[in-house]
Amino acid sequence: MSSATRWRTRIPVTVAALMLLAGPAPAGVRIGVTPGALADSINVAAEEAKAQGLEVEVVEFSDWTTPNLALENGDLDANYFQHQAFLDNAVQETGYDLTSVALGILPNIGLYSERYDRLDQLPDGARVAVASDPVNQGRGLALLQTAGLIALRPGVGWKATLDDIADNPKGLKFVEVEGPQLVRAVSDVDLAQGYPAHYVNAGRGDFAGKALIYSGLDDTHFAIRFVTRTDNSDDPEIAGFIRIYQQSQAVRDQIDASNAHNPVLYSLPWLAAAKTQ
């Protein structure tokens, strides 16, 4: 068993809740992630941290709800799976005392189809899969508006829900799918909101680069964040691990590989942020 495997723990939704009974985390850093590109890059950083004397346990979750629950309850020291818009919504809905402490990767999103090569080929009544959570759904709907397929109520932007669709000239039929499952849904619908790294992780690197339209990489609001509880936001071990992650060339190489070596699919906004400081 490799050292990377030793420190990689995958926790499905039904088991993750049992962590709440496990007591406090051991010394070092326990960080929650979702499988794929994020977990892969965090595992590389964990190996580098171990070589520098900092033990890091990487805990994988298969959903987007339990990582914040586990963090709030003290079963994690940090998590790395959500952007600021998702975090803000989660805090508003739950009252969790969580905060963003550092920038991570900014993933592009796209609209994907296995049936059509251009957006203007999409037929009337086409079935379109969008994320079921309110924030990522809004981001997908905003992209559909950019593509000219729908119009949203003025001013809602990425906060839109299906109820905010003001005009739907093609009569598109929307299917709400949990974000991590959109990669599978694309085979069952005409068009799907998608995250390129999810396709790469599913062995479809070429397809990841064939979205019919991308959202763009100029909004750090959608960069993945390192998130902690407010009471441990200045923990030096967490700060040390984040520093390793952001400075490591091996981490950058893994991020690039997880995105099919395609710079259209992601950016590293902490590099730009560092230049302005």
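In what order do the five strands of the open sheet lie, and is their pairing mixed or of one sense?

1. The model discussed here is a predicted one. Its five-stranded open sheet has the strand order 11-8-12-7-13, and the pairing within this sheet is mixed. The edges are formed by strand 11 (173-177) and strand 13 (213-214), each of which pairs on one side only.

2. Helix 6 lies across strand 7, strand 8 (127-131), strand 11, strand 12 (191-194) and strand 13, and its direction makes an angle of about 135° with strand 8.

3. Helix 6 (residues 134-146) also packs with helix 5 (residues 84-94), their axes coming within 8 Å and crossing at roughly 140°. Because angles over 145 degrees are needed for a roughly antiparallel label, helix 5 is classed as oblique to helix 6. On the side of helix 5 the contact is made by A85, F86, N89 and E93, while helix 6 contributes P134, V135 and N136. By class, the residues of this contact between helix 5 and helix 6 are four nonpolar, two polar and one charged.

4. Helix 3 takes part through A37, D40, S41, V44, A45 and E48, and helix 11 through A250, V251, Q254, I255 and S258. The contact of helix 3 with helix 11 comprises six nonpolar, three polar and two charged residues.

5. Strand 4 (residues 78-83) deserves a separate point. Six of its six residues are buried, so strand 4 is largely enclosed by the rest of the structure. Three bridges join strand 2 (residues 29-33) to strand 4 in a parallel arrangement, with V33 standing opposite Y80 in strand 4. Strand 4 is also joined to strand 14 (residues 224-229), here by four bridges and in the antiparallel sense, and in this pairing Q82 stands opposite R225 in strand 14.

Technical notes
Residues are numbered from 1 along each chain as its sequence is written. This is a predicted model: local features need pLDDT of at least 70, side-chain atom pairs count only at pLDDT 80 or more; totals for chains, interfaces and linings use all residues. Side-chain values use heavy atoms; hydrogens and water are left out. Contact means heavy atoms within 4.5 Å. Helices (H or I, at least four residues) and strands (E, at least two) are DSSP runs, numbered from the N terminus. Ala, Val, Leu, Ile, Met, Phe, Trp, Tyr, Cys and Pro count as nonpolar, Asp, Glu, Lys and Arg as charged, and the others, Gly among them, as polar. Axes are lines fitted to C-alpha atoms, for helices over the stretch in contact, and angles run from 0 to 180 degrees between N-to-C directions. Angles under 35 degrees count as roughly parallel, over 145 as roughly antiparallel, 65 to 115 as roughly perpendicular and the rest as oblique. Two strands pair if DSSP finds at least two bridges between them. Buried means under 20% relative accessible area, exposed over 50%, partly exposed in between (1.4 Å probe, protein chains only).
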